Every structure is written in structure tokens, then in C-alpha cells.
Amino acid sequence: MGNNLLKGKRGIIFGALDEQSIAWKIAEQCAEEGASITLTNAPVALRFGQVNALADKLGAPLIPADATSEEDLEKLIKESMEHLGGKLDFILHSIGMSVNVRKKREYTNLNYEWMKTTFDVSAISFHKVMQTAMKLDAMNEYGSILALTYIAAQRSFPDYNEMAEAKALLESFARSFGYHWAVKNKVRVNTVSQSPTMTTAGQGVKGFKEFFDYSDKMSPLGNASAEDCAKYCITLFSDYTRMVTMQNLYHDGGFSNMGMNPAVLNQ
Ligand SMILES: NC(=O)c1ccc[n+]([C@@H]2O[C@H](COP(=O)([O-])OP(=O)(O)OC[C@H]3O[C@@H](n4cnc5c(N)ncnc54)[C@H](O)[C@@H]3O)[C@@H](O)[C@H]2O)c1
């Protein structure tokens, strides 16, 4: 049972692919907290993923959109406002994909055309979502826009490859666009920097299982789960965080402030 933290609020959730997806857990929590949502994913993900089952379960409209296509985004946002009966209170961007990682290219031998696609899908799409929503005047005052990120934007994690730069760009868009949204109609924009999580995107990273275990030991509270991430995101969509904007917020069990943890040394 939820606490009605999002009662009466409307939002769009990008990126639920299967039950492991962080966006899947966030969509479930949004519904539990009383929000009305639309779900969206790339057309290809709708064919191969399980998001239809989530849409059925939550009674949420499912609207396909390639997040790199401004045309798709415009259609998505307009249709979402129609379905939900008004302007939006929150948007979750939970999208990540690296072509070079998929094709197992090392960081010192990257294909730059693929890199452009990685940046477009994983970061520039966030700017496109925000710009489209602003042009359509789609957000209510004190709305909340969130994207999920990883600490490789700040520190070196060699196997994270070009996604490190994609996340740095994503976080920078949150700060820069956060200013414009705040001035326009007090909408806040933040990124949540989440622990390694066992999902399709996460497990695409080389050596992910070993790294997941290392991170779990290094973090005094352990890795944060997708369910806990969902709870944190709910607070950021709620009215309890109305003055938080342009921030990169770590949700990582303390990992980001650790130097050395004896639990790792003792292994
Ligand atoms: N899993 C982790 O360890 C971890 C840690 C920190 C941050 N994150 C971030 O969380 C977010 C969600 O990833 P996840 O771990 O839940 O994995 P996931 O694979 O379940 O989600 C990634 C989603 O991106 C969608 N997507 C890809 N290309 C798209 C496009 N062109 N248009 C629209 N959607 C597209 C996929 O269909 C999928 O639903 C990503 O930004 C990821 O980088 C993940």
C-alpha cells in the first residue's frame, strides 16, 4: 500500500523493458502512490520486451516513441496529456544504450559513428524530451523531470566505456536545462546516480557481475536495489522536494563517498 504521495499527479515513464528494469519498478510505485501514468519505449522494445504486460497490469496507456525522434516525442507528449487529462507533473528518462559496448569495442578503439548514436540515445534524448515538453508547454508548475545516471560520469570505471561520457553529458543537460525550466515555470530537473543494478542495460557492461559484487562490498549500506531507487524517485516526483533542482543525487548506499572499505580488503 502506498501513501498517496503522487495522488492526482500525471507523468510519463520512459524505459520499462522487463521486470528487472528500474523504470518498471518506478512505474509500479507511481501507480501505488496514486499517480496516473503513460508508459513509453522504443517501438522495437515494444515488440521484444514485456512492457505490454506492465501496461495491462497498471491500466496505463502504452505509447511507442523512439526517444531520439522529436516527431515521436511530440506525439507521445501530446497523446499523454490527452489520455491523462491535463499537463504533466513528472517525467522519468530511464534510457541507456551504447553501440560500442554492444559490439564489444574497447575504449581505445571506438567507432565514432556508433558513439554518436550512443550519445543521441543515452543523453541527447534527454534534451529532446525537455525541449519538446517545453515547446508544448506540457509541464505543471513544480513539476519534476528526472533521468537515471551512473557515477562513471565523475570517476573512472574503465569497463563502462563511452557510457561514462554519455552520462556526463546527460548530467550536464540536467543542470543547464534545469535553469531554463526553473525560470519558465518552476519545474525541477535532477539526475539520480544509481548503484549497479541487475538489468538488461546493466548486464551489458563487461564483467558486470564481479563489479556488482565489488560495489556491494564497497558501499557501507550495500548496493541500492531497483525497488529502493523507485522509492527515492517517488520522493523526487512528490511535493516534498519542490526546491531540489539541477542536482546529481547519489542513490548508492554510500559508495560515492567511500575511499577504502575493509570489507573489500578482507576479501
Ligand atoms: N543497471 C544499472 O546498473 C544502472 C546503474 C545506474 C544507472 N542506470 C541507468 O538506468 C537507466 C535504465 O536502465 P536499466 O538498468 O533499467 O536497463 P533497461 O535495459 O531495463 O532499460 C534501458 C531502456 O532504454 C530503452 N531504450 C533504448 N533505446 C531507446 C530509444 N531509442 N528510445 C526509447 N527508449 C530506448 C530500452 O528499451 C530500455 O527499456 C539507464 O539510463 C541506465 O544507464 C543503470
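Around the ligand there are 28 residues, and Ser 21, Asn 41, Lys 167, Thr 197 and Thr 199 come nearest; a residue is near a molecule or strand when one of its heavy atoms lies within 4 Å of it. This is a predicted model, where local features need pLDDT of at least 70, side-chain atom pairs count only at pLDDT 80 or more, and totals for chains, interfaces and linings use all residues. Numbering runs from 1 along each chain as its sequence is written, and side-chain values use heavy atoms, with hydrogens and water left out.

By residue type, the shell around the ligand splits into 14 nonpolar, 12 polar and two charged residues. Strand S4 (139-149) and helix H8 (200-203) each bring at least two residues to the shell, and H8 gives the most, with three. Helices (H or I, at least four residues) and strands (E, at least two) are DSSP runs numbered from the N terminus.

As for location, the ligand sits in the largest pocket. On a 1 Å grid over the protein atoms alone, a pocket is an open set with protein on both sides within 12 Å along at least five of seven lines, whereas a cavity is a set of points where a 1.4 Å probe fits but cannot get out; lining residues have an atom within 4 Å of a point. Sitting there takes more than half of the molecule's atoms within 2 Å of the grid points.

Ile 22 also belongs to helix H1 (residues 22-32), which is largely enclosed by the rest of the structure because eight of its 11 residues are buried. Among them are Trp 24, Lys 25, Gln 29 and Cys 30. Buried here means under 20% relative accessible area, exposed over 50%, and partly exposed in between (1.4 Å probe, protein chains only). Just after H1, Gly 34 takes a positive phi of about 95 degrees.

Asn 4, in the segment before strand S1 (10-14), has phi near 55 degrees and is partly exposed at 46% relative accessible area. Asn 161, in the loop between S4 and helix H7 (163-185), has phi near 60 degrees but is buried, at 9%.

Two further loops are worth a look. Ser 219, between helix H9 (208-218) and helix H10 (226-237), is buried at 2%, and a polar atom of its side chain lies 2.6 Å from the backbone oxygen of Ser 215. Met 260, between strand S6 (247-251) and helix H11 (262-265), is partly exposed at 49%. Met 260 and Tyr 214 are 46 residues apart in sequence and 12 Å apart in space, C-alpha to C-alpha.

Definitions and conventions: Ala, Val, Leu, Ile, Met, Phe, Trp, Tyr, Cys and Pro count as nonpolar, Asp, Glu, Lys and Arg as charged, and the others, Gly among them, as polar. A polar contact is a pair of N or O atoms within 3.5 Å; within protein, one must be able to donate a hydrogen and the other to accept it, and residues adjacent in sequence count only if both atoms are side-chain atoms.
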